[in-house]
Amino acid sequence: MQKPGKPRGPLKSIRPVVLLIVLRKILALVTLDRFQPALEKFLPASQSAYRRGRSTADVVFAKRVLVNLVLDKCVEFWILGIDLSSAFDTVIRARLLEIIKEITDEEDIPRMAQALLQQTKLEIRIGSDIGEAFETTIGSPQGDGASPVFFTSYYEGALVEARQQAPQDEAVLPPEMQYADDLDLLDFCLDKLESKLQACVKVFPAWNLKINEDKTERTHVYLADTKSEEAGKEPWRHSKSLGSLLDCAADVQNRINKSAEAMRSLFALWKSMSISKKTKFRLYNALVKPILLYNCGTWGLNKMWLERLDATHRRHLRRLLGVFYPEHISNARLYKQCNEEPLSKYIKKARWRLLGHILRLPRDAPAQCALDAYATTAAPGRRGKHQIGLVTMLKADLETFKNKPSRREISQIGFDMPAKLTKLRALAQDKDGWHSLCDYINNS
């Protein structure tokens, strides 16, 4: 298949896809179910891909907290992003089976994994012409639930060896953030990150893993002087991580643009008179709204951007209802008729629900380490009005009702001190109590 956004023609722009029979998929699901518990013990907390209760939001949340550390306390740090070329297609199957045998004590799982990996064939299709089938001997066939899990275990085996080659210092920042083959290394010093990169360059060839130099990025997250022309326009603000830009405002504008493209691509559907409004709203909630709200729980936005999001949402709803100028419908009536609410209200709820999820993760998870870094860093603050970020908005949400007698315990939790953060973590362990807190904050 042609990779989206890549030039047509070169082999690196093509993704092989394996068509699988149902029986093989059932075997893959059984293997995955039995292999997952052992794999959870093997993978570090820094890996967020293909794990229950983990997602891209964990990584983006961690980075946004660290960005707030820069905005509030003028601390600078570096992110070195390592990306692999054709990661799933370069796996050495014999070595993968060795890793699986080391991870699990069950004898059946390696044999089941071997059955999934052997006798895989590919055919090259150019237009309507299909070439002769040939058997592949490397790579994890993409097309079932077990393939990505096999890759993450294989990649971790290579990273274990690479970590032994590079010095591992006690760091304030989370040293690694992973999502499948995307690996981000973080440190205050770029030289330390370069040494870790060289360790990967040295180790990966033996594992047949190839670092994509074109996609290996070095991002300096810093705050320019307020009098500088670069103030507010630092390059890191438009650095993309798992589909999200580091700067919340830039990310929201990107989401608005992408949702507008999605609306235009479905213009014929919205215009159709044969499709009911109920069906249109269901399609909108499935195909457009998730694009607009992707990782919205990690956003820290001022009032202007929240109003812009609400206006975009209302414009979409009016399109679905077929209300155009000079026709008029009030905002309150629009929301009621569409059974919707302002996105600004939904985002606030999503932010606190995601925070509760983050606080229940293992303490060595990147997002938890980022919160610890924010609470323990005592660097001098920045003079003048601070820029708004994720932690800024979380603290503002707490301030709205700290003085209310019915919620006195809120005054003892926060993000600026380790002791207050510890109490916040303890509060999040009670899911029902946390959901009650989220509803209270959302309605305050």
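**Exercise 1.** In which loop does Pro-326 lie?

*Solution.* The model is predicted, so local features need pLDDT of at least 70 and side-chain atom pairs count only at pLDDT 80 or more, while totals for chains, interfaces and linings use all residues. Residues are numbered from 1 along each chain as its sequence is written, and side-chain values use heavy atoms, with hydrogens and water left out. Helices (H or I, at least four residues) and strands (E, at least two) are DSSP runs numbered from the N terminus. On this numbering, Pro-326 is found in the loop between helix H11 (303-321) and helix H12 (331-338). The peptide bond that leads from Tyr-325 to Pro-326 is cis, with omega near 10°.

**Exercise 2.** Locate Tyr-50 and Asn-295, and state whether each is buried, partly exposed or exposed.

*Solution.* Begin with Tyr-50, which lies in the loop between helix H1 (22-42) and helix H2 (56-73) and has a positive phi of about 55° although it is not a glycine. Buried means under 20% relative accessible area, exposed over 50%, and partly exposed in between, with a 1.4 Å probe and protein chains only. Because its relative accessibility is 36%, Tyr-50 counts as partly exposed. Asn-295 is buried, because its relative accessible area is 11%.

**Exercise 3.** Describe the largest cavity by its volume, the elements that line it and the classes of its lining residues.

*Solution.* A cavity is a set of points, on a 1 Å grid over the protein atoms alone, where a 1.4 Å probe fits but cannot get out, and lining residues have an atom within 4 Å of a point. Grid points are joined across faces, edges and corners, and a volume is the space filled by probe spheres set on the points. The count comes to two cavities of 30 Å³ or more, and the largest has a volume of about 100 Å³. Helix H5 (146-165), strand S7 (182-187) and helix H6 (190-203) each supply at least two residues of its lining, which includes Leu-159, Arg-163, Leu-185 and Cys-200. By class, this lining has seven nonpolar, one polar and three charged residues, where Ala, Val, Leu, Ile, Met, Phe, Trp, Tyr, Cys and Pro count as nonpolar, Asp, Glu, Lys and Arg as charged, and the others, Gly among them, as polar.

**Exercise 4.** Which element gives the largest share of the lining of the second largest cavity?

*Solution.* The second largest cavity has a volume of about 30 Å³, and its lining includes Arg-24, Leu-116 and Phe-150. The largest share of this lining, three residues, comes from H5.

Note on methods: 1 Å grid on protein atoms, 1.4 Å probe; cavity = no way out; pocket = protein on both sides within 12 Å on 5 of 7 lines; lining within 4 Å.
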